[in-house]
Structures are given as structure tokens and as C-alpha cells.
Amino acid sequence: AWVDGTYEVLADSGFASELQGLLQDAKDRLEGAAFATGNTGATQPRGIVAAVAAVTASIVASGTTNALVAGDVYAVANALRARDAAEASWLASKPTYNRIRQFDTSGGSAFWANLGMGVPSNLLGQPAYESSSMQTAVTTGGLVLLAGNFKQYVIVDRVGMSVQYNPMLIGLTTGRPTGKAGWLAFWRVGADVVDPAAFRL
């Protein structure tokens, strides 16, 4: 991550004091997207959706074309291996969870722990987590709901983010100072699914 600012901005604002929060927010957003859906090769973590989608046997087709219906949620849960089902968690976007909540029209559904609360923490008795990076539109080939044993998704993180300060930026064409200072933040992290069969999408 790179941030720069003019000397005037640095002198006349609280820019430097906000920098840590800005960089941490950028890191969180980049990692959140990479861990969920990233598939850019060896230079970034591989997202769980991309890894599972690469295994045809791990994809559960919906029962109705271009629709998400109640039976689809059960089909994804039922497709998990027995050893993974006991440790399973769900991952989807908020719009997908809201669609699932609408399945219950009479108040007797067993989907959620409690339909009276926002989006509860359990779906079919398993933890449900939200990812804003996951697909929200229900379309042909769409991948909107994932379940599986997240112990089989490994994140290797070299703890800590380093920040280096450059007090004087030099223009590439003029070779003169630009009147700006900059900060470079960097960190090292990798991730991938070690057993794609532990998930269903």
C-alpha cells in the first residue's frame, strides 16, 4: 500500500495521525477479497471460492435455473462429506442470506437459529459468516453459497505490517523534489485450500 501527501496537507491536517487506520483498513479489505474470491496467481492469496470452484465435483447445481430455493441450501449441506459436515460453516454475501431468510413465510423454518434477529450466527445449525466479496446475483453459473470445513483453508501470515516513511519524493522527469512525502506499507500473507473436497459451493 502506498500513500503520499503534500507538505501542506501534512502540516495543515491530522493526516499522519489517520494513516495507521487508513492502512489497516486497506489491508483488511484487500485480504477479505483475496481470501474469499481472489484467484490472481502466485502473488496473492488464493480465495476459497476460486479454489473450490476449480473442482467440478465440489459444485452443487441449484434445483431451479437462475434461482436460489430452499432445497438448494439443504443440497449444499447434504453434499458435504460426513467428516466435514460436523465441522462445517457457511459463507455467503448479505443479499444471499437475506434471500434465504425469505424462504420462511410461516415462521416454522429450521434454517435460522432465530428469524427475529438480523442475520443470526447459525444456518442449519452451523455458523454462518458474511463476505461482501462473494457474488450476490443469482445467475447461471453463479457461485453464491459455500459450506465446508474451514480447517481445510490455510492462511499463512507473517505477522506484522511494516511501514516505511519517505520524507522527500523526487519527480521522475525533473529529478527535483515534488513537495510530497510518502509511506509504503507492506506485509506478507498467503492462503489456499488444502482439501477442496471439504467444501461444497
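**Figure 1. Ala-92 and the pairing of strands E2 and E4.** Ala-92 has Glu-130 as its bridge partner in E4. The view is taken from a predicted model. E4 covers residues 126-130, and E2 covers residues 89-92. The two strands, E2 and E4, are parallel and are joined by three bridges. Strands of a sheet pair through backbone hydrogen bonds, in either the parallel or the antiparallel sense.

**Figure 2. Ala-92 and the pairing of strands E2 and E5.** Ala-92 also has a bridge partner in E5, namely Leu-145. Four bridges connect E2 with E5, and the pairing is antiparallel. E5 spans residues 145-148.

**Figure 3. Strand E5 and its two faces.** Side chains in a regular strand alternate between the two faces of the sheet. In E5, Leu-145 and Ala-147 point one way, while Leu-146 and Gly-148 point the other way. These four residues are all buried, that is, under 20% relative accessible area. Gly-148 is also the residue that stands opposite Phe-199 in E8. E5 and E8 run antiparallel and are joined by two bridges.

**Figure 4. The five-stranded sheet.** The strands form an open sheet in the order E3-E4-E2-E5-E8, and the pairing is mixed. E3 and E8 are the edge strands, each pairing on one side only. Confidence in the chain is lowest in E3 (residues 122-123), with a mean pLDDT of 85, and highest in E8 (residues 199-200), at 96. Over the chain the average pLDDT is 87, and 92% of the residues score at least 70. Where pLDDT is low, the predicted coordinates should not be read in detail.

**Figure 5. Salt bridge between Arg-46 and Asp-192.** The side chains of Arg-46 and Asp-192 form a salt bridge with an N to O distance of 3.8 Å. Arg-46 belongs to the loop between H2 and helix H3 (48-53) and Asp-192 to strand E7, so this pair ties together parts that are 146 residues apart in sequence. Arg-46 is partly exposed, at 28% relative accessibility. Asp-192 is likewise partly exposed, with a relative accessible area of 30%. The whole structure contains six salt bridges.

**Figure 6. Salt bridges around Arg-81.** In the salt bridge between Asp-195 and Arg-81, the closest N and O atoms are 2.7 Å apart. Asp-195 sits in the loop between E7 and E8, and Arg-81 in the loop between helix H4 (70-79) and helix H5 (82-85), so the contact ties together parts that are 114 residues apart in sequence. Asp-195 is partly exposed, with a relative accessible area of 21%. A network of salt bridges links Arg-81, Asp-84 and Asp-195.

**Figure 7. Salt bridge between Lys-151 and Glu-87.** The closest N and O atoms of Lys-151 and Glu-87 are 2.9 Å apart in this salt bridge. Lys-151 is in the loop between strand E5 (145-148) and strand E6 (153-166), and Glu-87 is in the loop between H5 and strand E2 (89-92), so the pair ties together parts that are 64 residues apart in sequence. Lys-151 is exposed, at 59% relative accessibility. Glu-87 is partly exposed, at 37% relative accessibility.

**Figure 8. The largest pocket.** The largest pocket has a volume of about 350 Å³. Its lining consists of 20 residues, and those nearest the centre of the pocket are Val-60, Ala-61, Ser-62, Thr-139 and Gly-142. By residue class, the lining of the largest pocket comprises 11 nonpolar, eight polar and one charged.

**Figure 9. The second largest pocket.** The volume of the second largest pocket is about 230 Å³. Among the residues lining this pocket are Leu-30, Glu-31, Ala-33, Ala-34, Trp-187 and Val-189. Helix H2 (15-37) and strand E7 (180-193) each contribute at least two residues to the lining of the second largest pocket. H2 gives the largest share of that lining, with four residues. Gly-38, Thr-40, Thr-43, Gln-44 and Pro-45 are also included in the lining of the second largest pocket. The residues of this lining divide into six nonpolar, four polar and one charged.

How values were computed: Residues are numbered from 1 along each chain as its sequence is written. This is a predicted model: local features need pLDDT of at least 70, side-chain atom pairs count only at pLDDT 80 or more; totals for chains, interfaces and linings use all residues. Side-chain values use heavy atoms; hydrogens and water are left out. On a 1 Å grid over the protein atoms alone, a cavity is a set of points where a 1.4 Å probe fits but cannot get out, and a pocket is an open set with protein on both sides within 12 Å along at least five of seven lines; lining residues have an atom within 4 Å of a point. Grid points are joined across faces, edges and corners, and a volume is the space filled by probe spheres set on the points. Ala, Val, Leu, Ile, Met, Phe, Trp, Tyr, Cys and Pro count as nonpolar, Asp, Glu, Lys and Arg as charged, and the others, Gly among them, as polar. pLDDT is the predictor's confidence in each residue, from 0 to 100. A salt bridge is a side-chain nitrogen of Lys or Arg within 4 Å of a carboxyl oxygen of Asp or Glu. Buried means under 20% relative accessible area, exposed over 50%, partly exposed in between (1.4 Å probe, protein chains only). Two strands pair if DSSP finds at least two bridges between them.
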